[in-house]
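I opened my notebook to look up charged pairs and nonpolar packing. Here is the structure the entries refer to.

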Amino acid sequence: MDQALNQKIDAFIAANKEQWLKDIEALVSINSVESTPAEGAPFGQGARAALDKTLELAAGMGFATRNCENYIGYAELPGADAEKYLATICHVDVVPEGNGWTGDPFQMEVRDGWLIGRGVADDKGPMITILYALKFLKEQGYSLKYPIRALVGDNEETSMADVKYYLKHYPAPVFCFTPDAEFPVCNGEKGHFGAELVSPVCNGEIKDFVGGVANNAVPDRASALVETDITKLKNAPNITLEPEGNGVRIRGWGKSGHAATPQGTVNAIGLVVDYLLDNGLCNEAERAYLEALKKLHSSTAGEGIGVACADGPFGPLTVIGGRIFMRDGRFVQTLDSRYPTCTTGDRMAEQIRAAIGEGASLENVESAEPFYIGADTPAIKACIDTYNEVTGENATPFTMGGGTYARHFPYAVSFGPEHNDVKLPAFGGPMHGANESAPIDKLLEAMKIYIVALLRLEEIDF
């Protein structure tokens, strides 16, 4: 990289760091978990407030901004080409706070060079970082060929209806990257399969079963209420027993994490299912259903439910049960799988139905195909080359199980700012987990990578 440019970026980062931190803090303070739609707020008031705040911050930096009918918004840096534009897209909605936090999830904490708070990594910290990358380009007075839009999504964590709306009503960018994954560059995402395992009406011993906060997160706690005598029950690891009414509340304590990377997590629903089966706390209908759930929870590779497979670009399939709850007297267990190209949604549905037998029905099945873009295309090369130049690494693009906005655009990738090899501090947690954290130095390095990458993308003939 040009030495003069490097020095200019470093000076800009030093001058803007304090305000950058304040802006992330302001955005983190808004609880933007999706909630009931309201007038002018299709994804709830919190998501709308976060969208408004981001556009307000962008306008304060001097950008033209647009709220696209409250579904999504953008800040724009002008360019000469009226027909084509480049885009970045981040989201300002977040997953529910969940349990296990040591502080307020919506009050950002700065500790030993880390940010802690819901959204600091996914995706509010990256959103603000992108705005500052554009601020640098604006202040330096570059005359751009392609306008650059920093898109502000607010429905990524659930249905991505924000970007579906945008692409239906606005022209697509010639290239888009989303800072919502890991560096260096992710040029492929596994397919996504979601469904529910539903029980018959059992009228048995289990009066209630609840657990999990999101379909795409491994739950760290779950509980079942059973009509039984507590003195007859035995202790088990990671299980606690509490008297409640005429029965016992059986609680499982696991370890949370993202559905796409379930290695090292412990699913609390699975712990409770095992305990209920081991202690015979069920009638025949309940037992058949619990056996089906046991197959789901026995392996995050999908071996228990017959869907395990792997391929070259993507590696092995993953599957988790995210939430369990009661609906109309039935138990409902959600299922979230990220699948490679060696299977399809239809085949998985068939295999799961064969594995669970009569104990449960597979309902509300949804599936999205894997997507993959060749690593040798010009825009992806521009991103990977910039990353390697700034970091001194010799990294190559990768694929992943996480699902980002990239799959919805004609030509797009996810591009940082996480690093797989950065170890979380003892007080920090992963995205979607408790004490979500992000390293300040790596986010600021990402700002430099984004500035240089956008300048390189401006030189490509789209």
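**Charged pairs**

I began with Glu 445 and Lys 442, whose side chains form a salt bridge at 3.9 Å, N to O. My cut-off for a salt bridge is a side-chain nitrogen of Lys or Arg within 4 Å of a carboxyl oxygen of Asp or Glu. The two residues are three apart in helix α9 (residues 440–458), so about one helical turn separates them. Helices (H or I, at least four residues) and strands (E, at least two) are DSSP runs, numbered from the N terminus. Glu 445 is partly exposed at 21% relative accessible area, and Lys 442 is partly exposed at 24%. For burial I use under 20% relative accessible area as buried, over 50% as exposed, and partly exposed in between, with a 1.4 Å probe and protein chains only.

A note on the source: this is a predicted model, in which local features need pLDDT of at least 70 and side-chain atom pairs count only at pLDDT 80 or more, while totals for chains, interfaces and linings use all residues. Residues are numbered from 1 along each chain as its sequence is written, and side-chain values use heavy atoms, with hydrogens and water left out.

Next I searched the whole structure and found 18 salt bridges. One of them joins the side chains of Glu 436 and Arg 118 at 2.7 Å, N to O. What does this pair tie together? Glu 436 sits in the loop between β25 (417–418) and β26 (437–439), and Arg 118 in the loop between β5 (114–116) and α3 (124–139), so the bridge links parts that are 318 residues apart in sequence. Glu 436 is buried at 1% relative accessibility, and Arg 118 is buried at 1% too.

I also looked up Asp 336 and Arg 338, whose side chains meet in a salt bridge at 2.7 Å, N to O. Asp 336 is buried at 3%, and Arg 338 is buried at 5%. Asp 208, Glu 244 and Arg 249 I logged as a network of salt bridges.

Then I turned to Glu 286, which lies in helix α6 (residues 284–297). A polar atom of the Glu 286 side chain lies 3.1 Å from the backbone nitrogen of Glu 205. Leaving out residues up to four places away in sequence, Glu 286 touches Cys 202, Gly 204, Glu 205, Ile 206, Leu 281 and Phe 331. Contact here means heavy atoms within 4.5 Å.

**Nonpolar packing**

The largest has 91 residues, and Trp 20, Phe 175, Phe 415 and Leu 457 have the most contacts inside it. Helix α9 gives the largest share of this core, 13 residues. Apart from it I found another core, of 42 residues, including Ile 206 and Val 272. Back at Trp 20, I listed its contacts beyond four places in sequence, among them Ile 128, Tyr 132, Leu 443 and Met 447.

Terms used. Polar contact = N/O pair within 3.5 Å; in protein donor to acceptor, adjacent residues only side chain to side chain. Core = buried A, V, L, I, M, F, W, Y, C linked by side-chain atoms within 4.5 Å.
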